[in-house]
Amino acid sequence: MADDTPYIKWFRNSAPYINAHRGKTFVLMISGEAIAHPNFDNIIHDIALLNSLGVNLVLIHGARPQIEARVQQRGIESRFHQDLRITDSGTLACVCDAAGSVRAHIEALLSMGVANSPMHGAAIRVVSGNYVTARPIGVIDGVDLEHTGQVRRIDVEAIQRQLAQDNVVLISPLGYSPTGEIFNVTLEDVVVETAASIRADKLIVFDDMAGAIDAGELIRECELSEARSLLGRVENPCGLHTVVRAAERGVPRCHLIGYTEDGALLEELYTRDGAGTLISSDDYEELATATIDDVGGILEIIAPLEQDGILVKRSREVLETEIHCFRVIKRDGVVIACAALYPYPDQSSGEIACVATHPDYRRSDRGERLLRSLEKQARQMGLSSVFVLTTRTAHWFQEQGFVPSSIDALPPGKQQLYNFQRNSKVFSKAL
């Protein structure tokens, strides 16, 4: 039993995510490179698990390397313009052949049900169809792209009808016109248009790297505005560009994960830290370091909590001197949530304090977003743990991974300031 303890702990901790994802719609972008990788069988097993956990799935696959292989086999010259393949009639035949082959391969893998295998008893129904209406891109810079097209419309009603029947929808990078033509459409175009049109809850992009890598460091989470600034710096801009486009189109959560890592999909969705990069599209809400102009908004939020004894009272003068410790979420320029990090670098620790949200916005994840932001900041400062003192919100902090601690575990400076009359409970979290 001792050897199973980490698994049991992980399984228990995944329960909130299982409940949160059930009934939600995820779009998964799987490139032709991912399909050709040896880890793809494991990805299929994990997709089957998502289906069994009640997630509505739309899989959109690519076929670039498979197309290129067929083009070379037939002795056709590959021609590109502005990174788009010029699809003449001979190339279109290769495109259709490759897309059909890849689609059949995925359908076959999702149909497995061998005993003593991860797919046993899955009974997944996979449906494909002409869900993408496309039109020709036409002539660019005098170059006719011929049968290369772009998405004109997604058949949202048909996709939703299949998802309502618990079917997995599989879409190829092909588009069809009302006149019966077939077009070679870019995978990224189909993915972004589909995710936005069906109002997917998540887009998950499988990339050749673990996520957005900046200066050798994995960016685990960022807002859309920060993701835009990363585009010129990250080592894998193509995948990031796709999720940024989707986030700009209103997909609430977009994930970038590696297709070479076994279990990355499950780790990203069912663990607190994830395995890749999560981008939030809440761009109309700005999460940023507080400035002196935010003092009034913070006071307005925390004043009622101070009166109820939930927070320690802070005067405007004190808050102005500590404003650099605060992070805020602003909606249309108005502060709607705040939290502070007070570092104790000598003890490699930091205090999370004054976590508060405006009453109109409390039933959301803004507190969690602020907490994750401060934990990220603490890591960047080289701190190994954070702690909180609370009288009313112990359960919430425990849900965020904090564990009960003691006054003796606090930094000496904080111990001296501890208010025994308030009798706050102490919780800590290793970073």
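Which residues in α8 are buried? In the predicted model, the buried residues of this helix are Leu187, Glu188, Asp189, Val190, Val191, Val192, Glu193, Thr194, Ala195 and Ala196, so that 10 of the 11 residues of α8 are buried and the helix is mostly covered.

Part of the surroundings of α8 is supplied by α10, as the contacts between the two helices show. Helix α8, spanning residues 187–197, packs with helix α10, spanning residues 237–248, at an angle of about 25° and with the axes 9 Å apart. Because angles under 35 degrees count as roughly parallel, α8 and α10 are described as roughly parallel to each other, and their crossing is right-handed. On the α8 side, the contact involves Glu188, Asp189, Val191 and Val192, which meet Thr242, Arg245 and Ala246 in α10. By class, this contact of α8 with α10 comprises 3 nonpolar, 1 polar and 3 charged residues.

Helix α10 takes part through Glu248, which forms a salt bridge with Arg228, the closest N and O atoms being 2.8 Å apart; Glu248 in α10 and Arg228 in helix α9 are 20 residues apart. Both partners are partly exposed, Glu248 with a relative accessible area of 44% and Arg228 with one of 33%. Helix α9 also contains Glu226, and this residue is paired with Lys376 of helix α14 (residues 366–380) across 150 residues, with a distance of 3.4 Å between the closest N and O atoms. Lys376 counts as partly exposed at 26% relative accessibility, as does Glu226 at 30%.

A further pair is formed by Asp97 and Arg70, whose closest N and O atoms are 3.1 Å apart; Asp97 lies in helix α6 (residues 89–110) and Arg70 in helix α5 (residues 64–73), 27 residues apart. At 35% relative accessibility Asp97 counts as partly exposed, whereas Arg70, at 17%, counts as buried. Through shared partners, salt bridges join Arg70, Arg74 and Asp97 into one network.

Positive phi values near 55° also occur in Asp141 and in Ser348, neither of which is glycine. Asp141 is placed in the loop between β7 (139–140) and β8 (143–144) and is exposed, with a relative accessible area of 61%. Ser348 is found in the loop between β21 (334–344) and β22 (349–357), and at 22% relative accessibility this residue counts as partly exposed.

Notes: Residues numbered from 1 in each chain as written. Predicted model: local features only at pLDDT ≥ 70, side-chain atom pairs only at ≥ 80, totals over all residues. Heavy atoms only, no water. Axes fitted to C-alpha atoms, helices over the stretch in contact; angles between N-to-C directions. Helix = DSSP H or I, 4+ residues; strand = E, 2+ residues; numbered from the N terminus. Parallel < 35°, antiparallel > 145°, perpendicular 65-115°, else oblique. Left-handed = near helix turned anticlockwise from the far one by under 90°. Contact = heavy atoms within 4.5 Å. Nonpolar A, V, L, I, M, F, W, Y, C, P; charged D, E, K, R; others polar. Buried < 20%, exposed > 50% of the residue type's maximum accessible area, 1.4 Å probe, protein only. Salt bridge = Lys/Arg side-chain N within 4 Å of Asp/Glu carboxyl O.
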